[in-house]
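Reader: I would like a close look at one part of this model, with a plain account of its side chains. Please give the cut-offs for any term you use.

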Amino acid sequence: MAARKVSLKKSAKSHSSARKKAKPKSLSAGHWFERLITLQKRLRAPDGCPWDRVQTHCTLRTYLIEESYEVLDALESGDDSKFAEEMGDLLLQIVFHSEIAAEQGRFTVADVIREVHEKMVRRHPHVFGEKRVKDATEVLKNWEHLKAQERESQRAKANNDAANPGAPPSLLDGVTLALPATLEGFQLTRKAARIGFDWNDVSGIFQKISEETAELQGALAAKDQTEIESELGDLLFAGVNLARFLAVDPEIALKKANAKFTRRFRKMEDLARGTGRKLADVPRPEMEALWDAAKRAEPHSASHFPAAKAKHAR
């Protein structure tokens with residue numbers, strides 16, 4: 001897929017000027033969306049693209065995740081052209097999955113759009129109904145209440161057999177296990193916080209992190225690998241909770257930290273090469289000095305976009 005995507009992008013760039021001239025800006029979003037649906041149908045047709053034709057929901061999972069991260073990367077770059085392009089790639093994944101489902105007679109992309117449209121109207125009674133709210137916090141409380149009602153309704157339909165009532169409802173319902181662990185922890189603690197199960201201030205979380213650190217050190221001293229794993233998990237969970245309390249998305253924060261480490265490590269390698277050595281041949285104390293030099297070499301610039309208010313995310 002990566003090679004296919006690159007080749008498509010190279011082709012698109014080579015014809016960029018012609019494409020810009022050929023794009024009638026007067027055409028509506030609906031017109032272009034219909035064209036995209038038709039294009040994907042053509043790619044999946046018997047005489048279409050061999051790669052597209054063999055894809056399934058399962059084989060496309062990786063690309064759905066990759067495209068989501070590429071959208072975030074483009075957002076951070078401040079490049080609107082790249083941002084729009086990557087959102088288009090993400091939209092294509094939705095169309096692709098919908099076309100596969102339509103071929104199997106399960107649902108269509110129109111069903112996808114209708115479902116989210118009806119959901120947004122239903123969950124905004126303060127806009128489309130008579131209900132009134134005083135602020136965004138009340139909107140989120142109502143949103144969670146409406147989601148809980150929807151889940152209960154779905155549960156009732158699925159468990160209409162009295163002999164199989166299913167599990168009782170929980171405020172944590174709706175947090176999918178398919179999420180990365182940091183996002184799962186983020187959503188779990190966010191849902192709990194919305195009914196008041198939260199820290200009074202950030203000092204309590206720092207104290208919890210200190211407690212979990214001490215417990216991990218105890219497990220290390222006991223050389224109990226099972227306990228080490230458990231205590232490390234508790235420490236990481238506390239860190240995720242701290243991120244949520246500070247209105248920081250932990251997944252994005254960690255991705256940025258990963259990028260920072262990569263950038264600085266590559267700079268260390270460059271500095272070592274400048275002395276005629278490989279970084280692996282540099283003594284450890286000198287490695288620390290190279291790391292400090294790499295840090296000093298970085299420009300201190302603000303992000304193009306302010307951090308999202310994660311605690312207000314739906």
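Author: A residue is called buried under 20% relative accessible area, exposed over 50%, and partly exposed in between, with a 1.4 Å probe and protein chains only as cover. Arg114, at 37% relative accessibility, is therefore partly exposed. The model is predicted, so local features need pLDDT of at least 70 and side-chain atom pairs count only at pLDDT 80 or more, while totals for chains, interfaces and linings use all residues. Residues are numbered from 1 along each chain as its sequence is written, and side-chain values use heavy atoms, with hydrogens and water left out.

The part to look at is the one around Arg114. The side chain of Arg114 meets that of Glu118 in a salt bridge, 3.7 Å from N to O. The term salt bridge covers a side-chain nitrogen of Lys or Arg within 4 Å of a carboxyl oxygen of Asp or Glu. In general, side chains of opposite charge can pair when their charged atoms come close. Both partners belong to helix 7 and are four residues apart, about one turn of the helix. Helices here are DSSP runs of H or I with at least four residues, numbered from the N terminus. Glu118, at 38% relative accessibility, also counts as partly exposed. The pair is part of a network of salt bridges that links Asp111, Arg114, Glu115 and Glu118.

For context, the whole structure has 15 salt bridges. One of them joins Arg263 and Glu298, at 2.7 Å from N to O. Arg263 is in helix 13 (residues 250–273) and Glu298 in the segment after helix 14 (284–296), so this pair ties together parts 35 residues apart in sequence. Arg263 is partly exposed at 44%, whereas Glu298 is buried at 14%.

Key. Helix = DSSP H or I, 4+ residues; strand = E, 2+ residues; numbered from the N terminus.
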